[in-house]
Amino acid sequence: MQEHATITLLANCGVLIRRGNVRILVDGLYSDRNHPFSLVPPALKNSLMAGEKPIGEINYVMFTHGHPDHFGIRATSQFLAANKVRGLLMPTDNSEPWMANRTRMMREWLDEHPQPVHYLDLPQGAAQNLKLEPGVEVTVFNSGHQGAHLKHNSNYVLLLRLDGINILITGDAYYSPTMFGRMLEGTPVDAMLINPLFFQQPKGVQVVNEVVKPRILVLYHLPFADNDKFGTRRMADRQAERHSREAYEIHVLRESLQTVDVPKTLGRILR
Ligand SMILES: [Zn+2]
């Protein structure tokens, strides 16, 4: 096994996690409408759908939650019809009629096109551990969603345990230090992915600095430059600057195919 994992941005929250021969796509098959976020560039999306380079074959497809900027029924069903995966983590969410409807539609498709699916159906605050294959485990934790009007929606924080490298993917998680502490129970985190709204909150900073204490912090869920209506990229850059003296290294995922390396051991060479 190689001594590192990599995190590669497709667009928005869509990331490819690679560890040896295991390739996991998280939030990479999302809707192309009903949200203001950037889409996977067409050429890259075509190669993703075809299982071709530079993305290549995907072994596991996972989602943090069912919002259209993270998950799309059409993109997911098209992908699964054309590509064979070893596992699919599919959140369910019946907290509101429109989310329940999305859950039901995807489930109907999956009933007709059987897949190795693990439905995620936990109350907020609950966790579940899934052993997917030797060296590949994921703990899922329903943290609830950020934002007062969305807090009833599910959001599954994914703790990927990949043969000695732990990667924590938060999606649009609510930033509760107590919940994150309970979920991790002291598990060391090599890399943590958060969005800038998480990091803008004092509680979010507390989760990162005092609870998770990752070696590498990755800011994601940014629009591309041509679509940055709310100055989110600048916000992320300012956050990276503000926290540049923390113990972790910070990366801002800005561009398609940008890759962050996550080495296995603590002993990094000082630059
Ligand atoms: Zn969301």
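The model is predicted, so local features need pLDDT of at least 70 and side-chain atom pairs count only at pLDDT 80 or more, while totals for chains, interfaces and linings use all residues. Residues are numbered from 1 along each chain as its sequence is written.

Begin by selecting residues 14–19, strand β2 (strands are DSSP E runs of at least two residues and helices H or I runs of at least four, numbered from the N terminus). Six of its six residues are buried, so β2 is largely enclosed by the rest of the structure; buried means that 20 or more other C-beta atoms, placed from the backbone, lie within 10 Å of a residue's own, and exposed means 12 or fewer. Gly-14, Leu-16 and Arg-18 lie on one side, with Val-15, Ile-17 and Arg-19 on the other.

Then select residues 22–26, strand β3, which pairs with β2 in the antiparallel sense over five bridges. Here Leu-16 is partnered by Leu-25, and Gly-20 in the turn has a positive phi of about 60°.

Finally, move to helix α6, residues 202–212, where Gly-204, Val-207, Val-208 and Val-212 are buried. Seen down the axis, these buried residues fall within an arc of 85°, so they line one face of the helix (the arc is that of the directions from the helix axis to the C-beta atoms). The face turned away from the buried side carries the exposed Pro-202 and Glu-210.

Methods
Pairing = 2+ DSSP bridges.
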